[in-house]
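Welcome! Here is a short tour for anyone meeting this structure for the first time.

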Amino acid sequence: HVTLIAAEGYRSLIARWNLEHRGLSGDTERMMQSPEIRAAMEKGFLATHHVMIEHATRLNRQWMAEAHEHAHDAEMLIAGFGGLFVAQAIAEKRGIPVMQAHLQPLSATREYPGVLSWHALAGWGAHNLLTHWLTRQVFWQPLRSGINAARAEVLGLPPASFWGNAGVWRPGDPPVLHGYSPTLLPRPRDWQGDIHVTGYWFVDPAADWQPPEGLSAFLDSGPPPVAIGFGSMSSQDAEATARLVLEAVESVGHRVVLLSGWGGLSTRDLPPWAYLVESVPHAWLYPRCAAVVHHGGAGTTGAGLRAGIPSVIVPFAADQPFWAWIVGKRGCGVSPGSRGRLTPSKLAEALRRATTDRAMMDRAAEVGRAIRAEDGVGNAVAHLQRFLNQRTTVQAS
């Protein structure tokens with residue numbers, strides 16, 4: 001029996017898949033649309049990171065108490081980075097295992113740098129190992145005091161490890177899973193133990209999902225457009241972002257589908273070669289497009305790659321520059337730079353490359369075919385089932 005402990009705003013989404021939901025306080029979408037977050041994202045990673053840490057610290061005690069109550073009947077917990085430290089505390093209190101399931105490479109390796117490092121200085125060996133350690137500390141140290149306070153006050157637990165353990169595996173732990181494609185980023189040869197790259201964990205549209213009639217008509221009325229949307233990433237002036245995007249698209253002569261999403265991308269008077277839709281499954285839309293422009297979030301990056309079309313990645317914060325760098329190194333996309341430095345001419349040039357560079361288009365198609373042949377969910381389930389079977393055998397003996 002699977003139960004998802006997540007913010008209340010996800011209740012309707014979770015209900016579509018007939019899964020039980022137990023809600024946490026806080027509205028993630030409202031937070032991402034707040035003036036504070038929008039202003040921080042305009043300033044870059046450090047400002048955004050600071051605001052997000054403050055938000056998490058304010059809610060740590062409440063989340064710890066609510067999640068502990070919600071997990072009263074749990075036999076095991078699975079958590080990605082966002083909920084890992086709360087889940088680890090609850091698992092410790094209840095004496096149950098917790099499995100790490102991440103969308104980014106958080107286990108240290110010598111083969112490539114950490115997700116927050118400056119990739120222009122990417123090297124080998126000790127340098128790369130150091131950047132993984134630093135990445136962990138950038139996230140963990142600002143959270144540590146708040147998490148430890150919640151551990152003590154809510155659960156009566158001692159402080160957590162000073163250096164944190166995101167991505168760390170030790171003998172006897174459940175497997176550590178990474179939900180991205182080994183075609184894009186193979187499992188490093190120096191990962192020891194039960195640490196795996198499974199492939200992406202895609203959630204496709206329900207079988208009865210139907211696109212808006214207007215969108216289908218738009219797609220059928222001309223050549224494949226480019227799709228542009230920045231997911232949950234906000235900006236202070238969404239109208240200005242829309243104008244910038246439209247100017248760039250018009251200069252290269254493409255049609256465009258604008259995905260407003262949480263980013264608030266909107267414009268009042270659209271030209272006939274543009275279509276605005278609030279939300280549509282990437283798995284349905286992207287294969288019908290010539291290229292996709294997005295923020296470089298782990299899930300959106302995977303969806304663009306699976307579609308087999310080039311990606312133009314405009315990173316805002318966190319792991320997004322890392323994915324932009326990796327996609328560029330693999331030859332299946334290009335980045336015109338961060339959102340704060342984006343101009344119509346830079347975006348236009350990136351779009352021109354993505355839709356005319358035959359080598360890039362062929363490489364994107366090749367990567368897409370490989371990813372479509374992977375079964376990330378099936379691989380993750382197999383690792384989980386193996387661990388549970390081993391655990392049952394040990395308990396029985």
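Two strands count as paired if DSSP finds at least two bridges between them. In this predicted model, six strands form an open sheet with parallel pairing, in the order β9-β8-β7-β10-β11-β12. At the edges lie β9 (274-277) and β12 (333-334), each of which pairs on one side only. Let's look at one of the pairings: β8 (residues 256-259) runs parallel to β9, and four bridges link the two strands. Across from tyrosine 275 in β9 stands valine 257.

| Core | Number of residues | Residues in it include |
|---|---|---|
| Largest nonpolar core | 27 residues | Met64, Leu77, Phe85 and Ile90 |
| Second, separate core | 26 residues | Leu244, Val252, Val256 and Val293 |

In the largest core, Met64, Leu77, Phe85 and Ile90 are the residues with the most contacts inside it. The elements giving two or more residues to this core are α4 (45-70), β3 (77-79), α5 (81-94) and α6 (126-155). Of these, α5 gives the most, with eight residues. Leaving aside residues up to four places away in sequence, phenylalanine 85 touches Trp140, Leu143 and Ile147.

Finally, let's visit the surface. A nonpolar patch there is formed by Val2, Leu4, Leu13, Trp17, Leu19 and Val203, which together have about 520 Å² of accessible area. Tryptophan 17 is found in the loop between α1 (11-15) and β2 (20-24). Is tryptophan 17 buried, partly exposed or exposed? Its relative accessible area is 38%, so tryptophan 17 counts as partly exposed.

Key. Residues are numbered from 1 along each chain as its sequence is written. This is a predicted model: local features need pLDDT of at least 70, side-chain atom pairs count only at pLDDT 80 or more; totals for chains, interfaces and linings use all residues. Side-chain values use heavy atoms; hydrogens and water are left out. A nonpolar core is a set of buried Ala, Val, Leu, Ile, Met, Phe, Trp, Tyr and Cys residues joined through side-chain atoms within 4.5 Å. Buried means under 20% relative accessible area, exposed over 50%, partly exposed in between (1.4 Å probe, protein chains only). Contact means heavy atoms within 4.5 Å. Patches are made of residues with over 30% relative accessible area and no salt bridge: like charges are joined within 9 Å, nonpolar side chains (Val, Leu, Ile, Met, Phe, Trp, Tyr) within 5 Å. Accessible areas come from the Shrake-Rupley method with a 1.4 Å probe; for residues, only the protein chains shown count as cover. A salt bridge is a side-chain nitrogen of Lys or Arg within 4 Å of a carboxyl oxygen of Asp or Glu.
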